[in-house]
Amino acid sequence: MMALQTGIRAQKLRRSILDQVRDYYRQAHGKKDPFIPGKTRVHYSGRVYDEEELVRLVGAALDFWLTLGPEGRLFEDKLKIFFNARDFALVNSGSSANLVAATALTSPALENPLKPGDEVITPAATFPTTLAPIVQNGLVPVFVDADIGTYNIQADAIENALSDKTRAILIPHTLGNPCRMDVIMRLVEKYGLFLIEDCCDALGSTYKGKLAGSFGDMATLSFFPAHHMTMGEGGGIVVNKSRFSKIVKSIRDWGRDCWCEPGKSNTCGKRFQWQSGALPAGYDHKYIYSHIGYNVKPTDLQAAIGLAQWEKAPEFIQKRKNNFKRYRDALKIFDKRLILPRQEEGADASWFAFPLTVQPPLKRGELVQFLESRQIETRMLFGGNILRQPAYQQIAHRVHGDLKQTDRIMNDTFFIGVYPGLTPAMINYVLDCFNDFFAGGKK
Ligand SMILES: Cc1ncc(COP(=O)(O)O)c(C=O)c1O
């Protein structure tokens, strides 16, 4: 009787706390300052949330599970269903997702894993932690140039870049714009290559009706606030081939061989009957390590935020597409001065941003500084030519052909935001500023 009453009292308190959280949201977060053109910063990205994120987060805090648990499992299930995948593993960032996915290709549990020195095709116009896991695993990146306009790897150049050491392709769908997956999948099948899609910027993008992230052996997502939806810090691995399911979770979870959920034991039914490596027979399966792994799990608090954001994802994706279209339609008049973004035939991008490349004699710096002076946030296309970055100048690598377009991206390309936090007034202001810069198209 006593315990029941404590339960009822606790539930009442919980309801009252969560009601107060809603109220707090309205008072502290809900009132947005009015947009003042030229004064309010027009960000390229940001968290878009309401009281539901706060309520779920505080609810998870009251549950005090802390480590990846029930909220995480629910979120993993939702993403697995969305991608129609074999599995989905949450991690603490898109970078960790890339690290785990690339490391999975080297797993001794595979029939023919990647070995140090094996080659992986990837673009040089990239994000650092798309490339880093290739290097960190002792693999050799083979760089292929990108296309201006799509900013993706030149799919037609990949076949000639292959050597007898090439085992995998790791490609980002740059800024959410799907790569030419029909060409890439033909090569994957013809040469028996592994494929990892970096979809950190591409949640909801499709190519010929199929979701980006559902083509490769694995795909990765980021839930950092700049991305389509957020968990604060977070990411995930879409597992499309069941043989990677256990491998990915093992590498994520310390490298352990055991696959019990937290708080569970003996899921395998023979916890003390394993014989592995040079361990004594019957060594506890919970402490058998079949991979050199990491611990890159997020917390259940982060997963709780993710669950609230997931409800909004379809609307976020649609808004990104609408904002992109609005910019594209309006900036078309400047197409002698700016190269506008384009999609491959059959691609329907859920855009991360709106990329532009300046045409000579216009200098990127002039336009970027003008926009920034008008409080419009701009960004470079990540690392530019990554081989020119201080951290990557000495890495073992091969370049196929040249990286002329990649260098041009490094020198002449930038992007502005299309995130769902932009209002029509902000977008009109940004377009007015482009008009001012080009003097209404006369300049
Ligand atoms: C294409 C791409 N891959 C990977 C990442 C890394 O994601 P995270 O910041 O969650 O580590 C990013 C981050 O912006 C990205 O744009």
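Predicted model: local features only at pLDDT ≥ 70, side-chain atom pairs only at ≥ 80, totals over all residues.
Ala, Val, Leu, Ile, Met, Phe, Trp, Tyr, Cys and Pro count here as nonpolar, Asp, Glu, Lys and Arg as charged, and the others, Gly among them, as polar. Residues are numbered from 1 along each chain as its sequence is written.

- Helices here are DSSP runs of H or I with at least four residues, strands are runs of E with at least two, and both are numbered from the N terminus.

**Helix 5**

- T129, T130, L131, A132, P133 and I134 of helix 5 are buried. Buried means that 20 or more other C-beta atoms lie within 10 Å of the residue's own; 12 or fewer is exposed, and in between is partly exposed, with C-beta atoms placed from the backbone.
- The cover over these buried residues includes helix 4, strand 2 (119-123), strand 3 (140-144), strand 4 (166-172) and strand 5 (194-198).

**Nonpolar core**

- The largest nonpolar core has 109 residues, and V100 and I237 touch the most other members. Such a core is a set of buried Ala, Val, Leu, Ile, Met, Phe, Trp, Tyr and Cys residues joined through C-beta atoms within 7 Å.
- Helix 9 (residues 300-331) provides the largest share of this core, 11 residues.
- Leaving aside neighbours within four places in sequence, V100 is in contact with V91, I237, V248, I251, R252 and V296. Contact means that the C-beta atoms of two residues, placed from the backbone, lie within 7 Å.

- Strand 12 (residues 353-358) is mostly covered, with six of its six residues buried.
- In a regular strand the side chains alternate between the two faces of the sheet.
- A353, P355 and T357 are buried on one side of strand 12, and F354, L356 and V358 on the other.
- Strand 10 (residues 338-339) runs antiparallel to strand 12 and is joined to it by two bridges. Strands pair if DSSP finds at least two bridges between them.
- V358 in strand 12 stands opposite L338.
- Strand 15 (residues 413-417) is also antiparallel to strand 12, through five bridges.
- P355 has F415 of strand 15 as its bridge partner.

**Open sheet 7-6-11**

- Three strands make up an open sheet in the order 7-6-11, with antiparallel pairing.
- Strand 7 (210-211) and strand 11 (347-348) are the edge strands, each pairing on one side only.
- Two bridges link strand 6 (residues 206-207) with strand 11 in the antiparallel sense.
- T206 has D348 of strand 11 as its bridge partner.

**Domains**

- The protein chain is divided into domain 1 (63-256 + 294-301) and domain 2 (257-289). These bounds come from an automatic or database domain assignment.
- Nine residues from domain 1 and six residues from domain 2 make the contact.
- On the side of domain 1 that touches domain 2, two residues are nonpolar, four polar and three charged.
- The C-alpha centres of domain 1 and domain 2 lie 28 Å apart.
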